Amino acid sequence: MEELRLIVDSLDTAGDDLGLALGAFRTRMAPRLRAAGITLAWHIDEAAVSPALSASAILDVYRIMQEACANMLRHAAADRFSVALRSTPSGGRVLELADNGRGLVEADRTAGRGLSNMRTRAARLGGRLSLGDAGPGVGLRLELPPLPTA
């Protein structure tokens with residue numbers, strides 16, 4: 001059911017700015033994080049929320065965030081998760097997700113398909129994904145390029 005809700009949320013926000021799409025994600029994930037005892041910190045730079053994204057682009061961003069949250073809930077033993085969106089001087093956007101958990105171990109980088117799937121989604125968006133220790137914790141950075149103007 002959660003997968004279906006995620007897809008519906010992405011379709012509902014198609015044509016919206018990224019801020020509204022992330023807000024829908026926040027509404028969906030906040031109860032899960034709260035139930036796990038994790039504080040959610042949220043910072044959205046108003047300059048970074050537009051232009052609008054397609055439904056498929058929003059779904060890719062959702063899926064990246066969903067995987068990052070799932071990994072954090074499963075492995076990090078964190079009590080804080082932060083989401084930040086900001087614009088870059090070139091007109092691109094950067095989405096940063098971080099926790100204050102145990103950090104990365106080598107097995108985290110090679111096990112499963114989650115990180116590979118996130119990188120594939122980032123590439124489909126024309127962006128780049130990086131993952132690293134955030135001392136303490138893990139930081140994920142999704143760089144999105146400027147969108148062409150009409």
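Two strands are taken to pair if DSSP finds at least two bridges between them, and helices (H or I, at least four residues) and strands (E, at least two) are DSSP runs numbered from the N terminus. The model described here is predicted, so local features need pLDDT of at least 70 and side-chain atom pairs count only at pLDDT 80 or more, whereas totals for chains, interfaces and linings use all residues. Residues are numbered from 1 along each chain as its sequence is written, and side-chain values use heavy atoms, with hydrogens and water left out.

With these terms in hand, the overall fold can be laid out. The protein holds five helices and five strands, which follow one another along the sequence as α-α-β-α-β-β-α-α-β-β. The five strands form an open sheet of mixed pairing, in the order β1-β2-β3-β5-β4. Its edges are β1 (39-44) and β4 (128-133), each of which pairs on one side only. On average, neighbouring strands of this sheet are turned by 10° against each other, direction ignored; axes are lines fitted to C-alpha atoms, for helices over the stretch in contact, and angles run from 0 to 180 degrees between N-to-C directions.

Strands of a sheet pair through backbone hydrogen bonds, either parallel or antiparallel. Here, β2 (residues 80-87) and β3 (residues 93-99) take the antiparallel sense, joined over seven bridges. Within this pairing, Phe 81 has Asp 99 in β3 as its bridge partner.

Two helices pack on the sheet, with contact meaning heavy atoms within 4.5 Å. Helix α2 (residues 18-35) touches β1, β2, β3 and β5 (138-144), and its direction makes about 175° with that of β1. Helix α3 (residues 55-76) touches β1, β2, β3, β4 and β5, and its direction makes about 15° with that of β3.

These helices also share an aromatic pair, the one found in a search of the whole structure. Rings of Phe, Tyr and Trp (its six-membered ring) pair if their centres lie within 6.5 Å; planes under 30 degrees apart count as stacked, over 60 as edge-to-face and the rest as tilted. Phe 25 and Tyr 62 are edge-to-face, at 5.7 Å centre to centre and 70° between the planes. The pair links distant parts of the chain, with Phe 25 in helix α2 and Tyr 62 in helix α3, 37 residues apart. Both Phe 25 and Tyr 62 are buried (under 20% relative accessible area, with exposed over 50% and partly exposed in between; 1.4 Å probe, protein chains only).

Across the protein, buried residues make up 39% of the 150 residues. Among contacts between residues at least 6 apart in sequence, 66% join residues at least 24 apart.
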